[in-house]
Amino acid sequence: MLLSSLLNTFWQLSSELPVQLFGVFPFYFASFSDFLAMASNGISYSFFVWLSFGLTYLLLMGLLWWSYYQQRQFKQQLAAKMAREQRIKQYQEQQS
């Protein structure tokens with residue numbers, strides 16, 4: 001009973017959701033497809049908006065990959081340096 005009344009209340013408020021969620025900020029888009037197309041007053045900015053999101057995402061993924069690559073390179077160089085120092089230490093012990 002309680003669940004059905006909550007669902008009914010939610011469905012009644014769903015038509016008013018943009019007003020309630022964005023009460024401080026005006027909601028400029030009539031539908032979700034208008035939001036994706038970024039069409040407001042007949043002018044479409046979707047190409048520039050989604051291009052900027054795409055480039056930002058691509059650059060962040062590139063930064064993550066580059067950081068991982070650099071960390072892997074550093075670990076390999078550190079392991080090689082430690083192995084080299086170990087070999088030098090063993091050689092010096094054999095000479096003494």
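**Figure 1. A nonpolar patch on the surface of the predicted model.** The residues F32, F35, L36, W50 and F53 form this patch, and together they have about 520 Å² of accessible area, a value that comes from the Shrake-Rupley method with a 1.4 Å probe, with only the protein chains shown counting as cover for residues. Members of such a patch have over 30% relative accessible area and no salt bridge, and nonpolar side chains (Val, Leu, Ile, Met, Phe, Trp, Tyr) are joined within 5 Å; a salt bridge is a side-chain nitrogen of Lys or Arg within 4 Å of a carboxyl oxygen of Asp or Glu. This is a predicted model in which local features need pLDDT of at least 70 and side-chain atom pairs count only at pLDDT 80 or more, while totals for chains, interfaces and linings use all residues. Residues are numbered from 1 along each chain as its sequence is written, and side-chain values use heavy atoms, with hydrogens and water left out.

**Figure 2. Helix α3 and the residue L36.** Helix α3 supplies three residues, the largest share of the nonpolar patch, and L36 has its place in this helix. Helices are DSSP runs (H or I, at least four residues), as are strands (E, at least two), numbered from the N terminus. L36 counts as partly exposed because its relative accessibility is 41%, which lies between buried (under 20%) and exposed (over 50%).

**Figure 3. Confidence in helices α2 and α4.** The pLDDT, which is the predictor's confidence in each residue from 0 to 100, is lowest in helix α2 (residues 17–21), at a mean of 52, and highest in α4, at 95. The protein averages a pLDDT of 79.

Note on methods:
Patch = residues over 30% accessible without salt bridge, like charges linked within 9 Å, V, L, I, M, F, W, Y side chains within 5 Å. Buried < 20%, exposed > 50% of the residue type's maximum accessible area, 1.4 Å probe, protein only.
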